[in-house]
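User: Please show me how the features of this model should be read, beginning with the terms.

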Amino acid sequence: MRNRAIVTDTEHHDDRGGDPTADALADAMTAVRAGDTAAWSELWTLLERTVTGVARGRFRLDAADVDDIGQEVWLRLQLHLDRIDEPRAVRAWVRTTTTRECLRLLRGRERTEALGDRLDAAVAPTDGPERG
């Protein structure tokens, strides 16, 4: 016999490995838009695996970077909630936004590393002291 808590914990997930269902996401989005502040927590619970899956699985980011990406995606969701016309599309929006944030992070690192390399080359010691 199944434990009721287990059933409750999984009722918003489908059989493909625990991904949130479109209905649960749509319900949470509708509640958030209606001003239900507690629904934000439910929405994040349903979407957190999507963010983590993209950031860790696709981009191989470490835990600290995944946390940073998650915060940025969450902020963008709050700022652009009204731009998501169909509540069922929120997971795709989060997946796309997470991908963009990961790429932004990695591009920023490449620029920083390239600048560091150029600075190192510019200040590299010469073979000997210059005499004039």
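Analyst: The first term is contact, meaning heavy atoms within 4.5 Å. The model is predicted, so local features need pLDDT of at least 70 and side-chain atom pairs count only at pLDDT 80 or more, while totals for chains, interfaces and linings use all residues. Residues are numbered from 1 along each chain as its sequence is written, and side-chain values use heavy atoms, with hydrogens and water left out.

User: With which residues is arginine 76 in contact, leaving aside its neighbours within four places in sequence?

Analyst: Arginine 76 is in contact with Trp93, Thr97, Glu101 and Arg104, once neighbours within four places in sequence are left aside. Arginine 76 itself lies in helix α4. Its C-alpha is 9.9 Å from that of threonine 98, which is 22 residues away in sequence.

User: How many helices and strands does the protein have?

Analyst: Helices (H or I, at least four residues) and strands (E, at least two) are DSSP runs, numbered from the N terminus. The protein has five helices and zero strands, and its elements therefore read α-α-α-α-α from the N terminus on.

User: Which residues have the most contacts inside the largest nonpolar core?

Analyst: In soluble globular proteins, nonpolar side chains tend to be buried together. A nonpolar core is a set of buried Ala, Val, Leu, Ile, Met, Phe, Trp, Tyr and Cys residues joined through side-chain atoms within 4.5 Å. Here the largest such core has 24 residues, and Leu43, Leu47, Leu61, Leu77 and Val90 have the most contacts inside it. Two or more residues come from each of α2 (22–33), α3 (38–58), α4 (63–80) and α5 (90–122). The largest contribution, seven residues, is that of α3. Taking Val90 as a case, and not counting residues up to four places away in sequence, valine 90 touches Leu25, Met29, Leu47, Leu77 and Ile84.

User: At what angle do the axes of α2 and α3 cross?

Analyst: Two packed helices are described by the angle between their axes and the distance between the axes. Axes are lines fitted to C-alpha atoms, for helices over the stretch in contact, and angles run from 0 to 180 degrees between N-to-C directions. Angles under 35 degrees count as roughly parallel, over 145 as roughly antiparallel, 65 to 115 as roughly perpendicular and the rest as oblique. The axes of α2 and α3 cross at roughly 150° and come within 8 Å. The pair is therefore roughly antiparallel. At this contact, Ala24, Leu25, Ala28, Met29, Ala31 and Val32 in α2 meet Ala39, Trp40, Glu42, Leu43, Leu46 and Leu47 in α3.

User: Where do the axes of α3 and α4 stand, in angle and distance?

Analyst: These axes come within 10 Å and cross at roughly 130°. For that reason α3 is oblique to α4. Residues of α3 that meet α4 include Trp40, Leu43, Leu47 and Val51, and their partners in α4 include Val66, Ile69, Val73 and Leu77.

User: Is proline 87 buried or exposed?

Analyst: Proline 87 is buried because its relative accessible area is 14%. This proline is placed in the loop between α4 and α5. Apart from neighbours within four places in sequence, proline 87 is in contact with Leu25, Ala26, Met29, Thr30 and Arg33.

User: What is phi of arginine 60?

Analyst: Most residues other than glycine have a negative phi, and most peptide bonds are trans. Arginine 60 has a positive phi, near 55°. Its place is in the loop between α3 and α4, and arginine 60 is exposed, with a relative accessible area of 66%.

Technical notes. Buried < 20%, exposed > 50% of the residue type's maximum accessible area, 1.4 Å probe, protein only.
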